[in-house]
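Student: I have a model open and want a quick tour. Can we go through it together?
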Amino acid sequence: MTSRAAARLAKLPPARTTKVCVDRDIAIPVTDGVTLLADRYHPAAEPNGLPLLITRTPYGRVVEGLLARLYAERGYQVLVVSCRGTFGSGGRDFQPFVNERADGHAVIEWAAAQPWFGGKAGLFGASYVGLTQWAVIDGLPDYVKAWAPTVTSSWFADLFYPGGSFALETSLTWIDGLSHQEAGVWRSLLRAPGQKKRVAAAAGVLPLADADATITGATFASFQDWLDHCEPGDPWWTPMKFDTDISAAPPASFVGGWYDIFLKQQIEDYVALRAAGREAVLAVGPWHHGSMGQAGLSMRSALWWMDRWVAGESAEAAGGEPGPRVRLQVMGTDKWAEFPDWPPPATRQRWHLHTGGGLHTDPPADSAPDRYRYDPADPTPSLTGASLLAMSAGPKDNKARESRSDVLCYTSEAMADDLTVAGPVTADLHVRSSLQHTDFFVRLCDVDPKGKSTNLCDGILRVGPDHPPTPDGGLELHIEMFPTANTFAKGHRIRVQVSSGAHPLYARNLGTGDPLGKGTTMVAADQEVCHDPKRPSAIVLPVLAEPVRP
């Protein structure tokens, strides 16, 4: 009954069978003598020889087991493996990223040696389960024909330190879940409603090195590592960068969300694969991490991709183009737009910040800079954003943020016609700060005729004394924001927020330059944002020639 309901929700094609067998707690030895546990799902009538799908997860085999059953009902055998140190698999406590390459290759080699293996395999899974695929992408055997790494990244360092800041809310949410996940399903469900309050309490702790104990009740070794190895280029992360050799990567299917924590890195991974001449497709919808719409499309896309490249059911499976490689659901509409690749063909249009809170395509006139004070003791709230904490993620009305004195807003005139932006978004700011250590945060919003301001995408940049000053002593900043796709409908307005924080989405900048995990002293920053002919600040939007209309 559960699989039938899930299949209907995910809009999967009809099952070939409902009779599925599960071989539980299979022992898989890996190279250093540790034993991993796995479950194998397969149609009861065909125990051997079917195409094999492999997924490795640190989150237990229950959720992935539901996916495995759905895929087994549609003609596959599926191996669900618990990562080292989780849910019965051997080894010390779970160490994110560290053992995934060696363990992953060992699992694939072991599976190929089993009498039930039929000679073809594929990999699938989302989030960390997607990273376990990236970990083995170098040197895959030829019998691994495809993979589906959805809402994930080849290198989690980029997730933790966006723009040199620290993704505090996502980090705390993850360790909160990891620390109690083996206590049982019911206990996890009982803890869920209080997670936002627990994360907020931990995010307010200084020094940050004490935040893990606040939320989990104990020191969490990985969290301490993330605080200790936060400088750009820290070699601690090098062994866990899994995109160093993608020259022989099999065909990949990516699914992302406009508010997903991995979106920016995932698109960069897609672009890298295409630049290396590898086959890949990308679909992005209006979702945050773990949302139902994203999960449904991920399931459908992975199944279609495996049917094409692993099962080889159609004549085109041996080659040929898969159609438009990039499909984007355009927010502000209910439409999907198709493009031959990323980025979509668009004109990079500069929308300049003007005095009095204006936003125009015309360059600014002479004007005095706008000013605000950022006080880390009263940090500018994030309200929402690309967060792992579902209750704090996705599109929300930004009225509460925009009413604060430490947030500058620049708003366009009402659109005379529909305008669609689709692709990378950047911001170029000319600023001054009273401190050498500070942050600048930019958010793009869509304002409807009633004044509701809905966030579309963000970007942050942490500035230190090594950032080169301009001749007049200011700073010229280039901020890479999250990509987006949105139609600003006729009558709507474009709004750009500029501030110096988004807490607890990102760790507040204390203004002192103290180590990330150790600082307790806070210093307020007096900030200036310039918008004059010599120092024109702007957001750069990718505008399509023809709008996608609601």
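Student: Where is Ser127?
Tutor: This is a predicted model, so keep that in mind throughout. Ser127 sits in the loop between β5 (121-126) and α4 (128-134).

Student: Is Ser127 buried or exposed?
Tutor: Buried. Its relative accessible area is 15%, and under 20% counts as buried.

Student: What about phi of Ser127?
Tutor: Phi of Ser127 is near 60 degrees. That is a positive value in a residue other than glycine.

Student: Which strand holds Asp25, and what is its phi?
Tutor: Asp25 is in strand β1 (residues 20-29). Its phi is positive, about 55 degrees, although Asp25 is not a glycine.

Student: Switching to rings. How many aromatic pairs does a search of the whole structure find?
Tutor: The search finds 30 aromatic pairs. One of them is Phe160 with Trp226. Their ring centres are 4.3 Å apart and their planes meet at 25 degrees, so this pair is stacked.

Student: Why stacked?
Tutor: Because the planes are at 25 degrees, and stacked means under 30 degrees.

Student: Which helices do Phe160 and Trp226 lie in?
Tutor: Phe160 lies in helix α5 (residues 157-160). Trp226 lies in helix α10 (residues 221-228). The pair therefore ties together parts that are 66 residues apart in sequence.

Student: Phe160: buried or exposed? And Trp226?
Tutor: Phe160 is buried, with a relative accessible area of 1%. Trp226 is buried as well, at 1%.

Student: Next pair. What geometry do Trp287 and Trp336 have?
Tutor: They form a tilted aromatic pair. The distance is 6.3 Å centre to centre, with 50 degrees between the planes.

Student: Which strands do Trp287 and Trp336 lie in?
Tutor: Trp287 lies in strand β8 (residues 280-288) and Trp336 in strand β10 (residues 336-339). So this pair ties together parts 49 residues apart in sequence.

Student: What is the accessibility of Trp287? And of Trp336?
Tutor: Trp287 has 13% relative accessibility and counts as buried. Trp336 is partly exposed, with a relative accessible area of 31%.

Student: What sits over the ring of Trp336?
Tutor: The charged end of Arg327, 4.5 Å from the ring centre.

Student: On to helix packing. At what angle do α6 and α8 pack?
Tutor: Helix α6 (residues 168-180) and helix α8 (residues 195-203) pack at about 120 degrees. Their axes are 10 Å apart. The two helices are therefore oblique to each other.

Student: Is the crossing of α6 and α8 left-handed or right-handed?
Tutor: Right-handed.

Student: Which residues make the contact?
Tutor: From α6: Leu168, Glu169, Leu172, Thr173, Asp176 and Gly177. From α8: Gln195, Arg198, Val199, Ala202 and Ala203.

Student: New topic. Where does Asp269 lie, and is it buried or exposed?
Tutor: Asp269 lies in helix α11 (residues 263-275). At 5% relative accessibility, Asp269 counts as buried.

Student: What is Asp269 in contact with?
Tutor: Leaving aside neighbours within four places in sequence, Asp269 contacts Trp134, Ser153, Ser154, Asp243 and Phe254. Asp269 and Ile246 are 9.9 Å apart, C-alpha to C-alpha, and 23 residues apart in sequence.

Student: Which helix has Ser301, and what does Ser301 touch?
Tutor: Ser301 is in helix α12 (residues 292-311). Ser301 is buried, with a relative accessible area of 13%. Not counting residues up to four places away in sequence, Ser301 touches Ser253 and Val255.

Student: Last one. Where is Leu435, and what does Leu435 touch?
Tutor: Leu435 is in the loop between β16 (426-433) and β17 (438-447). Not counting residues up to four places away in sequence, Leu435 touches Gly511, Val523, Ala524 and Ala525.

Technical notes: Residues numbered from 1 in each chain as written. Predicted model: local features only at pLDDT ≥ 70, side-chain atom pairs only at ≥ 80, totals over all residues. Heavy atoms only, no water. Phe/Tyr/Trp six-rings, centres within 6.5 Å; stacked < 30°, edge-to-face > 60°. Helix = DSSP H or I, 4+ residues; strand = E, 2+ residues; numbered from the N terminus. Buried < 20%, exposed > 50% of the residue type's maximum accessible area, 1.4 Å probe, protein only. Lys NZ or Arg CZ within 6 Å of the ring centre and 35° of its normal. Axes fitted to C-alpha atoms, helices over the stretch in contact; angles between N-to-C directions. Parallel < 35°, antiparallel > 145°, perpendicular 65-115°, else oblique. Left-handed = near helix turned anticlockwise from the far one by under 90°. Contact = heavy atoms within 4.5 Å.
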